[in-house]
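Here is a short report on one protein model. Look at the structure first, then read on.

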Amino acid sequence: MTNDSRTIVIVGGVAGGATAAARARRCNEKARIIVFEKSGYVSFANCGLPYYLGGEIKQRDKLLVATPERFRTRFNVDVRTQHEVLAIDRQAKCVTVVNLSTGQTFEQPYDKLILAPGAKAMVPNLSGSDAGNVFVLRNMEDTDRIRTWLDQKQPQRAVVVGAGFIGLEMVEQLKRRGLQVALVELLPQVLPPLDAEMAHVVEEELRRQGVELHLGDAIAGIVVEQGIARQVTLDSGAALDADIVLIGIGVRPNTKLAVSANLEIGESGGIRVNRHMQTSDPAIYAVGDAVQYEHGVLERPMRIALAGPANRAGRVAGQHAAMDDAPPMAPVLGTSVVRAFAATAAMTGLSLKMAARFERPATAVTIETKHHAGYYPGAQTMLLKLVYEPRSGKVLGAQAVGGAGVDKRIDVISTAIHFDTTVHDLASLDLAYAPPLGSAKDPVHMAAFVACNQLDGLLDVVQPQEDLAGKQVVDVRTEKEFAADHLPGVVHIPVDQLRDRLAELDPARDTVTICRSGLRSYLAARLLMQHGFKHVSDLTGGMVMRHHARASGMLDEADGKK
Ligand SMILES: Cc1cc2nc3c(=O)[nH]c(=O)nc-3n(C[C@H](O)[C@H](O)[C@H](O)COP(=O)(O)OP(=O)(O)OC[C@H]3O[C@@H](n4cnc5c(N)ncnc54)[C@H](O)[C@@H]3O)c2cc1C
C-alpha cells in the first residue's frame, strides 16, 4: 500500500470533495490533504436544504454534516473555506488560490488534484432575475438568504420555476409554510425524466394540495418594483403575483477551471473522466456534477447531477489519488427519488421516452398494486412501470409512483439493471415478505410476471397511449365501473361472463382487453386467446393508466369520454 507524503489538493468541499478527502486519508495516512472551498461551509447537506427551509429540519446546524475542525481533528485534512481556486498550472503542478476573506492570492503545489466544483444553478436571462426576492438554492448561503426572507417578510405567494426535483421539494416545503404556490414548467409535465403518464400522477397530487400548475409554459418576464419582484409573467400571457420567486430550472457543470487548464470536456458538456475519475491529465481527477459519467444502460457519457454518483466518484478518486489504485467507478443509472406531499416518485435507468430519444428498442408494462399485502391495514397504491428490451427481456429501467415502498422497488430494479439481468431474473428474485411490509408476490415480481408473459407469447400488451381506433376493445370491468367511465365504442362484457358471451365478439379482429388496472383484462386476454381469437392484447395499466395518458396529453382528449 502506498503511504507516501504526496500532496493531494481538492477543489470543492461538499459531496464529492469531502468524500474524496476522507477516503484519501483512510488510504494514505502520510499524504498532505488540502481542501479549498469557496463558500463558507464544507460537507453540508445540500439535499436537506429544502427541508430546513420548510421547517421539517428544525436546526440549521443539523445541515452541517462535518465542519473544518472535524476534518482537521479526525482526518488531519486541512480544510480552507472562503478559498477559491482560480487557475491550474499543469506544468508546474500547482493551483492559484485566493483567500476570499483577505483577498490574498497564493500558489499551492499538488501531486494529485481532485476537482469537485459541482454545478451552477441556471438562471433565466431576464431582467428582474437579480431582484432581492428571486432565489436559487445551491448552498448554505442561498439557504440563509431564503430563510431570512421567509421569516422576516412572511411572503404569501410564491412562484417556483422548474418542476424538477428541487422545484418540487421547494413547492412542498413552501406549501408547508402556508404559502400559495404556483409552479411553472417549460415542458408539459412535471419531473421531466419520467414518462408523462407517470408524472401525471404527481401532478394530480400537486393539484390536490392546491398548487397552481402552469405546465408547457415559460417564464417571460419578472415585474420588479423597487428591487423586489412582484409578478412573474409567462409566455401564455398569464401573470402570477409573487412575494418570492424560486428558480430551479437545472444546473450547468462548473467546468471553468478544467476548460482554462485545457482538460478535455466531453460531448455532454461535463469534464471527461476515465473509470478512475482521472481527467485527460492523469494527475487531475474530477467528480460530481462537473463531470460526465458512463450511463449504465445507454453505454454513453451523460451528466447526472445526483448526490449518490458524486459520493461514489469521490470515493474512487480519493483512493486512486492517495494510492494510485482503486476499484473503478461503476456506470450510473440516474436512480432517483423525490417526495411531493403524499406522492413519492422514483426512477432508474431508461424511461420509454429516453429510450426513444436514444433509439433504443424498448417496451414497457405498467401495473397498479399495493405496497404490501392488500388485506393488511394501510396498504398504499403504487404504479410501477417496468421498461425492458422487447426480444431479450433485458431490464432497461423502471419508474414508480405511489407512497410507501416506491423507493424499495426502484432500488431492487436498479440493482437488477446493475447486474445486467432480464425480466425473467426479476420474476425469480427471492424478496423478503411479511404482510405489513410486502407481498408474497412483490410489486417487482408482478411487473416482471407481466413482462415475462409478453416475452413468452402468453400476452401481448399495448401502451396506455396507444390509438385503439379500429380495434375490438373489450372492457371486462363490472357494470358499476363501466357506468362510471368508459372508452367510446367498446364492448362491455364483465370478465366473469366472458366465457358465456364469446359469440358477441369477432375472433378474427384485433382485440384489446381492458379493465381497471390490467389484471382482469389479462385473464380475459388469456381466455380469448385460448378460444381462438387471432390477435389479443392487454392495455397495460388499464383504465388507470389510460386516464393518466389522456390527462397528460399523450392521446386525444375525446378518448374515454362517455
Ligand atoms: C437543494 C438541493 C437538493 C438536492 N437534493 C438531492 C437529492 O435529494 N438527491 C440527490 O441525489 N441529489 C440531490 N441534490 C444534488 C446533489 O446535492 C449534487 O448532485 C451533489 O452535491 C454534487 O456534488 P459535487 O461535489 O459535485 O458538488 P457540490 O456538492 O455542489 O459541491 C461543490 C462545491 O465546490 C465549490 N467550488 C466550486 N468551484 C470552486 C472553486 N473554484 N474553488 C473552491 N471551491 C469551489 C462550491 O462552492 C461547492 O460548495 C440536491 C442538490 C440541491 C442543491
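## A surface patch

Tyr375, Tyr376 and Tyr433 make up a nonpolar patch on the surface. Together they have about 350 Å² of accessible area. Such areas come from the Shrake-Rupley method with a 1.4 Å probe, and for residues only the protein chains shown count as cover. Nonpolar side chains (Val, Leu, Ile, Met, Phe, Trp, Tyr) are joined within 5 Å, like charges within 9 Å.

Tyrosine 433 sits in the loop between helix 11 (423–427) and helix 12 (443–455). Helices (H or I, at least four residues) and strands (E, at least two) are DSSP runs, numbered from the N terminus. With a relative accessible area of 39%, tyrosine 433 is partly exposed. Buried means under 20%, exposed over 50%, and partly exposed in between (1.4 Å probe, protein chains only).

Three strands form an open sheet in the order 13-14-15, with antiparallel pairing. Strand 13 (219–225) and strand 15 (239–241) stand at the edges, each with a single partner strand, so one side of each has no neighbour in the sheet.

Strand 13 and strand 14 (residues 228–234) pair over six bridges. Two strands pair if DSSP finds at least two bridges between them. Isoleucine 222 has valine 232, in strand 14, as its bridge partner.

## About the model

This is a predicted model: local features need pLDDT of at least 70, side-chain atom pairs count only at pLDDT 80 or more, and totals for chains, interfaces and linings use all residues. Residues are numbered from 1 along each chain as its sequence is written, and side-chain values use heavy atoms, with hydrogens and water left out.

Definitions and conventions:
Patches are made of residues with over 30% relative accessible area and no salt bridge: like charges are joined within 9 Å, nonpolar side chains (Val, Leu, Ile, Met, Phe, Trp, Tyr) within 5 Å. A salt bridge is a side-chain nitrogen of Lys or Arg within 4 Å of a carboxyl oxygen of Asp or Glu.
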